[in-house]
Amino acid sequence: MEYWGSAAVDLDALERRAPEAQPERRPSFEVVEGAGLDARVRQGVSPRFMSRIKLAVALVSLVVCLGVCRVALSSATVSVLQDNRALQSTIETSQATESELKINRSVLSASSRIVRIATQNYGMTLAASTDEISLGDTSQATASASDGDVAQASAVADSSSDES
């Protein structure tokens, strides 16, 4: 056997040896598929973890949906309350106007005011007597008219022709 540590080793002689005599060349490291930390990283996220993530996302979306529904109901309630307040103020205004109109109607329709306007502005006088006319029998109505009523009617007709 040769001494491997000598400086005069013939490298060609080593290469010429028979292939059976040469030791089989192996890679410097072994690759074992599917084992180790690197394999777990390549494997990805476990299905159990993904199911938990999906459950968490579903719960968060449920809470968000409930919050949105609550906000929508609250805003609808506020809107309805504002509309009710506007209607209530309109009703109060209408009731105040109605009260004022009733007061004006009672003042304007007072009989003393009507008599005063009729006598002062239009020269009318109150009737001294009243006659009742029945539509069923016209002969009595003509007979019951007194001479004073006829004279008063002619005076009113004369005064209206003088004004024209």
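Colleague: Is Phe49 buried, partly exposed or exposed in this model?
Modeller: The model is a predicted one. Phe49 lies in helix α3. Phe49 has 45% relative accessibility, so the class is partly exposed.

Colleague: Which residues make the nonpolar surface patch of about 440 Å²?
Modeller: A residue needs over 30% relative accessible area to join a patch, and Phe49 is at 45%. The patch is made by Phe49 together with Val45, Met50, Ile53 and Val57.

Colleague: Which side chains meet in a salt bridge?
Modeller: Side chains of opposite charge can pair when their charged atoms come close. The structure holds 1 salt bridge. The cut-off is 4 Å, and the N to O distance here is 3.6 Å, between Glu98 and Lys102.

Colleague: How many residues apart are Glu98 and Lys102?
Modeller: Both lie in helix α3, which covers residues 47-108. Their spacing is about one turn of the helix, or 4 residues.

Colleague: What pattern does the protein chain follow along the sequence?
Modeller: The chain has 6 helices and 0 strands. Read along the sequence, the pattern is α-α-α-α-α-α.

Colleague: What percentage of the residues of the protein chain count as buried?
Modeller: The chain exposes about 15,300 Å², with 60% of that supplied by carbon and sulfur atoms. Buried means under 20% relative accessible area. Among the 164 residues, the buried share is 2%.

Methods: Residues numbered from 1 in each chain as written. Predicted model: local features only at pLDDT ≥ 70, side-chain atom pairs only at ≥ 80, totals over all residues. Heavy atoms only, no water. Helix = DSSP H or I, 4+ residues; strand = E, 2+ residues; numbered from the N terminus. Buried < 20%, exposed > 50% of the residue type's maximum accessible area, 1.4 Å probe, protein only. Areas by Shrake-Rupley, 256 points an atom, 1.4 Å probe, with all protein chains shown as cover. Patch = residues over 30% accessible without salt bridge, like charges linked within 9 Å, V, L, I, M, F, W, Y side chains within 5 Å.
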